[in-house]
Each structure stands twice: as C-alpha cells, then as structure tokens.
Number of protein chains: 2
Amino acid sequence: MAARDDISAEERLIARFFKPLATEPGALALSDDAAVLSAPAGCDLVLKTDAIVGGVHFFPDDAAQAVASKALRVNLSDLAAKGARPLGFLLSLALPKEIGEEWLSGFAEGLRGDSVLFGCPLFGGDTDRTPGPITISIAMIGSVPTGTMVQRSGAKPGDRVFVSGTIGDAALGVMLRKGKQWKLSDAQRQHLISRYLLPQPRSALAEVIRAHASASMDVSDGLVGDFAKLCRASGVGADIEVARVPLSDAAKAVIASDPAALESALTGGDDYEIVCTVPKAKCAGFSAAAGAANVAVTEMGEIKTGEGARFLAQNGQPLTFKQASFSHF
Amino acid sequence: MAARDDISAEERLIARFFKPLATEPGALALSDDAAVLSAPAGCDLVLKTDAIVGGVHFFPDDAAQAVASKALRVNLSDLAAKGARPLGFLLSLALPKEIGEEWLSGFAEGLRGDSVLFGCPLFGGDTDRTPGPITISIAMIGSVPTGTMVQRSGAKPGDRVFVSGTIGDAALGVMLRKGKQWKLSDAQRQHLISRYLLPQPRSALAEVIRAHASASMDVSDGLVGDFAKLCRASGVGADIEVARVPLSDAAKAVIASDPAALESALTGGDDYEIVCTVPKAKCAGFSAAAGAANVAVTEMGEIKTGEGARFLAQNGQPLTFKQASFSHF
C-alpha cells in the first residue's frame, strides 16, 4: 500500500481549507498531533474558550463567513476586556453531513480574514461529524505583561463605570430577525441586524484597559447581568444612570416607539462591548486614550460600597428586570 | 435589584459542578472572563484540541463519568505522544436540554478524577445548550522543555518502530457494542469493550518518548493510517511485520475465529496508544525506560528510505486495506 493512497478526505479538507490559516511555525502546518508555542518572555498567557452552536448563537442561514467571524470574535472580545492581545487559537469544528465545500470555503475565508485583521493565527484544530447542528468551539490564547491581566474583581468605591460603543443593538437585532415589527428606516434596521450578525470586539481598547481600568469584562450576556457579576466579583455595589447608557440612533428609535424594548436592550446580550471601572484620577486619561484608539466610551455611573448594581431611572428609582441576563440554563 | 438575585442558573451550575476542578489560582475560580497562566520557565507550550460527540465518539448510554474521562484522555494521549506533560485544560460543553443534574454530577466526577490522576486542572470553560447531541470539546495545554516536543517528522532510515500497549482492542470492542457476535469469554469481551469505553493515555511514557524517540504520534484513527502519516511527515518508508503488531489475548481470539477482523484491528482506531521511532542505538535504553514506567512497548519494524509504510504478512507480501484509517469525511 503506497502512502500516497492513505491521505484521507479529512486530511485533504484540513490541508485545503485550514492549513493556509496556520501561519505560525509552531502550528507545524497542521500536520502534527499538537502545536508548539513559545510563550512571549515577561508575559502571562490569557486563556479563553467559547463555542457557538447553529440555531442557538447564529441563524442557520447566516453566511458561513459571518459565522466564522462570530466564532472568533466572541473570544477576541473577552481577551480585549482582559487587556490581552491574541497570540492564536485552536478550532474544534463539528459539522453535519449536509455541510459541503461551499460552506467550508466561506467559513475558512471568514476565519482567514479575521485571523489577519486581529493577528490571531490558527494553532491547530479538530474536525468531526455531528448529527446535530454546526458547532464551533474556539480556544483563544492571548498574552499580557506578567501580572497585568485586568480581572473582574478590582473595582473600588469611587471608581467610575464606563462602557464601550452602544448597548442593546444586537438584542434588538435578533428580535428583528425573529419577526418583530418596529417602524425603522432601512439603515436603522440594517444597523441592528448587523450588530447581531457580526460582533465588533474592542481589541483596539485592550492596551487602554490595561493601563487605566481597575476591573473589566466583556458584555455578552446582557449589561445588567454582566455588570452585576463584576460588582459581585469586586465585592461592591454601583449606581448606573439608565439615561447615560449609550444607545445607537436605531436603538433609541425602537425604544421611543416601544418603551418595553429598553429592558431587552439592557439585558438581552450579544453586545460584545466592554464594561470597566476606572479610578477617578485616571478617567480623563482613559477617555483620551480610548478616543485616540477610535473607540467611543461612555461614563454611566459610579462604584459604591455595599452590594447590588442598581440601574436608576430618571426619577432616581432603581429599575427591576424580569431576567438580568441571558442564561442557557 | 439586589445583586444576589442576578445569579443565573448557568452560574450556579458552573459553581456547583466545575468550580471544584479549577484548582489553579490562575483559573480565578471560574469567576472571570478568562484564565491567566504563567508558562513554566524554559518550556514550550504544547497545544491540542479534540472534541467528542454523542453518537459519534461515544454511545448515548455510556456512563457520564466515562464520557468525561474519554473527552480528557483523547487529548492527554496526544500530549503523551509529544513528550509533553499536561498543565491544564479548557472545556467547552454543549448540552441537550434533557441533560439534568444527575448526568452533570457524574460528568464532573469523571473530570475531577482524571484531572487529579493526570495532573491537569480545569482552567476555564463554556457551557451552552444545543438542539444536537452532547458535544464536549477540550483544549489541552501542556509543556515540554524548550525545543524538545517530539514531532511526527523526525524518523530516519534505520530507526526502529515501536508501539505501546496492544492494537485493535477498541475497534473490536465497538464492533461488539454494535452487536457483532464472536465466541469470547466474558473477560475477553469485557476487555475489548472497556478499551473502547475508557482510553488509557500513555502519559507515563511521555518522558521516555522525549528522551529516546526521533518521531512519535498517538494512534487514534487506526495504526495503518496514522503510521502512514508519520512516514509522510518524515519523508520515509517503513516495513512493519504484521505478526509483530502487539495484540491482546482477546483480540487474538477474535482474529483466530474471524481472520477478517485483523483489518479492523489494524485500521479501526480508538487505540490511544503511541507509535514512535527510535534510533537503533537508543532502542535498548528506550525499552528499559518504558519497562521502568510500566508501559509495554513492542518493536514491530524498521524505517526505510523511500515512501510508503508497508505492513508485511508472514509470506513477506504487503497487505492491502480497504481504508487505512477512520475518517469522518
């Protein structure tokens, strides 16, 4: 039996679609059991895994390229919130048998584009068949200078609370995708839908967070619930003024016509923004550095002693929510 | 809204079942977006991901504890073949909604046991719902002294070919699970079935491989196809004597009554043994060190110039196989 006859369909698939992404020498062109990585000197590694599942985290008819981007970006968002830069990633892909080369080609193209854009090459991976939906699990490896990863637990009373970008777009976008009717311009509608389809990880903010923030996390399961986690980890409370939570024009238009949508915006998730706390003396520097990095950040409240992250309405009364954040369980 | 009301079912699940496995300080008790890891000084990191899917890699009625062990062990097997010791792992878990606390409790117990046994704590993870089968993706991080990871590509003509343990047990075991009838004792039957259910990664051999082997990989998709990959990566050929491939008594009994089962044993996969090549001058040392590590290793052939890994029958003629190894695609 000649060795050349042994090359399996799986090996051919990996060589064709994924080997071009394995640009690091340590990935060994995906032709070994494992990858080898020299950790950068003077750095800690930052490790994160997040999976997306067809019909749960994306719609079955989303473009393969966008699905690939989402799979990478939900992990890149976490790294950015920790102040880390990506080094590369491992990909575990389970595919139903109806997935063919066209989908794989688009998927690989999406991975390749973001891999270049965010500087995160493929270290290695695993492909399997599944009788279930497309399931993509990414393990992302990043680095920070030793001892500088920004945790959730460092917020102190008096720190100001900032959030990047705008909140609620993706949660409203997914409601539109599911058939919700609001009176919006085409551009507004498209803005909300695209914010669900394609997260924009705030990688440009990573260094700024590391230099200024006392605590930080990404907003993926809803601002209210996620920020409550940060407060619990830090052993503090907070007062957030709902009127200061940054909203896009499209989200404002939805909420103007349907005030109940405010709760969806604040608790719905898929924002992939960063919520962080900054000591008062560092706030001006933080805002300036974020501006220089071209990422909008908005101050929306203050850390307090005690416990409980309160979201205050215009009348000063705390809002209550049916469910603070998205939960799979 | 008090913070204590925000704790989601997902957070409770993680705290109850998985936090006890996160024994490394850098895992931050699973209460942050990411884990932080100081890479050991003077070491390279070795990175591997492998997933298992219900109905594909395990039977839906396999015990949750065994499923957890298999998910970890298929990755530990790769690390051992590379000469690496594990540092820890990331877990990405997609669960159908009918999975309840009883299954999760067994699953966590299986992870905990092997996490202690093999010295690989949980760094972090992700839990999701899926409309498909249980899908468990592990990303394993290990280390080797800098520059010493054993690749597939180092085999040289004249090197001897060794394999650990016995080959084919799991492939025959899965045929038994699917209803194949062979005349076997209960103990033989149980041996084959348990070899499929619970891989035994050769972690005890990692240091021995690193000190002696010129090339190495784990046997997971079938000896014939996997060894052909090693030969291709090394740009060499090989002659393997089929009579020297180590078989368990149970596998020998199957093949004695059903000679066609030999092909299943050699190409079926799920062995999680190590096939490696050792320079002639190091063979005695390799065998002695493996013996000291309590892992049986068997010499079964020699690396040649040229290409093609030939499996020779008693009459010296190369065998041909329908499919050299398992492929999902």
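The buried residues of helix α3 of chain B are covered by elements that include α1 (9–18), α2 (64–81) and β4 (122–129) of chain B. Helices (H or I, at least four residues) and strands (E, at least two) are DSSP runs, numbered from the N terminus. This is a predicted model, in which local features need pLDDT of at least 70, side-chain atom pairs count only at pLDDT 80 or more, and totals for chains, interfaces and linings use all residues. Residues are numbered from 1 along each chain as its sequence is written, and chains are lettered from A and ligands numbered from 1 in the order in which they are written.

**Helix α3 of chain B**

- Helix α3(B) (residues 101–117) has 17 residues and reaches 24 Å from its first C-alpha to its last, close to the 24 Å expected at 1.5 Å a residue (1.5 Å times one less than the number of residues).
- Leu104(B), Phe107(B), Ala108(B), Gly110(B), Leu111(B), Asp114(B) and Ser115(B) are buried (20 or more other C-beta atoms within 10 Å of the residue's own, with C-beta atoms placed from the backbone; exposed means 12 or fewer, partly exposed in between).
- These residues lie on the same side of α3(B) because they cover an arc of only 160° around the axis, the arc being that of the directions from the helix axis to the C-beta atoms.
- Glu101(B), Glu102(B) and Val116(B), on the other side of α3(B), are exposed.
- Gly119(B), with a positive phi near 65°, follows α3(B).

Definitions and conventions. Two residues are in contact if their C-beta atoms, placed from the backbone, lie within 7 Å.
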